Amino acid sequence: MHETQVLAEFIDATEFTDLPTTLVDDLKIIVLDTFAAALVGTTQPWARMIVELVRELGGSPDATVINQAWQTDVSRAALANGALIGAFECEPLTGSHASGTVLPAALAICDSEGLDGQAFLTALAIGFEVSARIARTAVGLESTRGFHNPGTQGPFGAAAAVGKLYGLDQPTLTSALGIAGSGSAGLLEFAWTGADTKRLHLGRASQLGLESALLAQKGFRGPPTVLEGRYGYYNAFSLPPQLDRLLDELGETWVIQPPSLKSYATHVTHQAVVQAIQEFKQAHPIEPQTLTRVVIRGDPHIMDERHAVRDPETVMGGQYSLPFTTAVALTRDLSNPLTYNDAAVKDPMVRELAQRIELIPVEPSGHAEPGVYPSEVLLEYNGQSYTLPTQPHKGSPRNPFSWDEVCAKFQRFTAPIISTEQATALIEAVCRLEQLDNIAEVAQAMARQEGTPG
């Protein structure tokens, strides 16, 4: 009954020198990919609403908001940047969306306080690891209880990262986690209509976690058994949890390795299906109107009820739906994330095709590997039948991005948004993160540059 305190001890004890070199390299890949997602997010109207509200609310100019020419206080910067990162379904998943909950909080504090790259990377590693362990310990939190994982566990990781940056001791870190857990929130009800609330959860979790650490720093106390207690996180949000997974080999094995990234702007469970279609179309151009049958057979998780909405009202709803995303992938090139837009959602051909796509759940044989969702896609058109087996998608732990590959993806995703010069500067800054004396250099490189469209 001391799991929360053991996590706090891990946060307190871990230093940059404890991070494996491979983990530092992975974190730099995650940071660059997160910045790409945030820049794509700045083009989306729902994210712009949040950024506009943050600017209207004001706040002392202490921290950068991505691709903006102004600053705000650290709390609102974490909110805005988290919302931008999670705005378009293309952010890294490592640590259960910790890129949009932990990173914005750590970036805001490092930017405001002038902390160095090693402090930033250490905070990310700790916050990501705490998030990942809390997420993997819960059972049925999303699928049965209806909570949104990054929204509910995200505050813990953000509080851990900020608490580490401020050098809080173990009792104070325990309080920070306790306060964060009391602020946990996020419902999956957005799935049915594609409501905008999903876009808000990551930023709000980042903001709440950051503020939790700041409150603890002032002496505000949180429950020291917030995770494991009778009325704690797991009893409130989860079915009986796998509590042994929370602390298993903590400090010895980093469960955030290898990292988990996406190749396409759609839910992670649909990445392999989209990749199979993208690769098939390169050799076999498809005229969508000739498709007479489309069948997806595979892991039931990819076609869960919340991922099987056939008539979404929004882009978010489409990105969350397997049959709809499959229809979009069959009619568009999804290597460009911005092709998944309102026009795609409203396209009569896409909507009609989504209604016809057959979903056949097949229980995986043997022991299922976490994050791997085996499936196959059957296409019938022009009197021919093709079966497309899926493979672990590019960016998944089984098929990770190299540094060069993630740089190429960054340039491709951000080309319509920032200049080549700014993209190159950002890549170079992230490449040498551990050598930076002041992380504000990266934050400033993420700000809107003179001459960039508004």
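## Burial and the overall chain

A residue is called buried here when its relative accessible area is under 20%, exposed when that area is over 50%, and partly exposed in between. Cys90, at 2% relative accessibility, therefore counts as buried, and in this predicted model 58% of the 454 residues of the protein chain fall into that class.

The protein chain contains 19 helices and 6 strands, and its C-alpha trace spans about 70 × 55 × 40 Å along the principal axes. For 454 residues a compact globule would have a radius of gyration near 22 Å, and the 21 Å of the protein chain agrees with that expectation. Among the contacts between residues at least 6 apart in sequence, 78% join residues that are at least 24 apart.

## Strand β5 and its two partners

Strand β5, which covers residues 375–381, is mostly covered, with 5 of its 7 residues buried. On one hand it is joined by 7 bridges to strand β3 (residues 291–298), and these two strands run antiparallel; on the other, 6 bridges join β5 to strand β6 (residues 384–389), again in an antiparallel arrangement.

Individual residues show how the pairing is laid out. Glu380 of β5 is the bridge partner of Arg293, and Glu380 also stands opposite Ser385 in β6, while Tyr381 stands opposite Gln384 of β6. The hairpin formed by β5 and β6 has 2 residues between the strands, and within this hairpin Asn382 takes a positive phi near 50°.

In soluble globular proteins, nonpolar side chains tend to be buried together. The largest nonpolar core of this model has 139 residues, and the residues with the most contacts inside it are Phe120, Leu379 and Phe410. Helix α2 (residues 21–41) supplies the largest share of this core, namely 13 residues. Apart from it lies another core, of 5 residues, among them Leu188, Phe190, Ala191 and Tyr320.

Once neighbours within four places in sequence are left aside, Leu379 is in contact with residues that include Phe280, Ile286, Leu291, Arg293, Val294 and Leu330, as well as Gln384, Ser385, Tyr386 and Leu388. Leu32 lies in helix α2 and, at 0% relative accessibility, counts as buried. Leu32 and Pro300, by comparison, are 268 residues apart in sequence and 32 Å apart in space, taken from C-alpha to C-alpha.

Helix α5 (residues 94–113) bends by about 40° at Gly100, and a proline, Pro104, follows within four residues. This helix is mostly covered, since 18 of its 20 residues are buried, and it is followed by Gly114, whose phi is positive, near 70°.

Gly127 lies in helix α6, which covers residues 117–137, and with a relative accessible area of 0% Gly127 is buried. Leaving aside neighbours within four places in sequence, Gly127 is in contact with Val102, Gly157, Ala160 and Ala161. Between Gly127 and Pro416 the separation is 289 residues in sequence and 31 Å in space, C-alpha to C-alpha.

A disulfide is a covalent bond between the sulfur atoms of two cysteines. A search of the whole structure finds 0 disulfides, where the cut-off for such a pair is sulfur atoms within 2.5 Å.

Whereas Cys90 counts as buried, Cys431 is partly exposed, with a relative accessible area of 37%.

Conventions:
Residues are numbered from 1 along each chain as its sequence is written. This is a predicted model: local features need pLDDT of at least 70, side-chain atom pairs count only at pLDDT 80 or more; totals for chains, interfaces and linings use all residues. Side-chain values use heavy atoms; hydrogens and water are left out. Buried means under 20% relative accessible area, exposed over 50%, partly exposed in between (1.4 Å probe, protein chains only). Two strands pair if DSSP finds at least two bridges between them. A nonpolar core is a set of buried Ala, Val, Leu, Ile, Met, Phe, Trp, Tyr and Cys residues joined through side-chain atoms within 4.5 Å. Contact means heavy atoms within 4.5 Å. The bend at a residue is the angle between axes fitted to the seven residues ending there and the seven starting there. The radius of gyration is taken over C-alpha atoms; the globule rule is 2.2 Å times the number of residues to the power 0.38.
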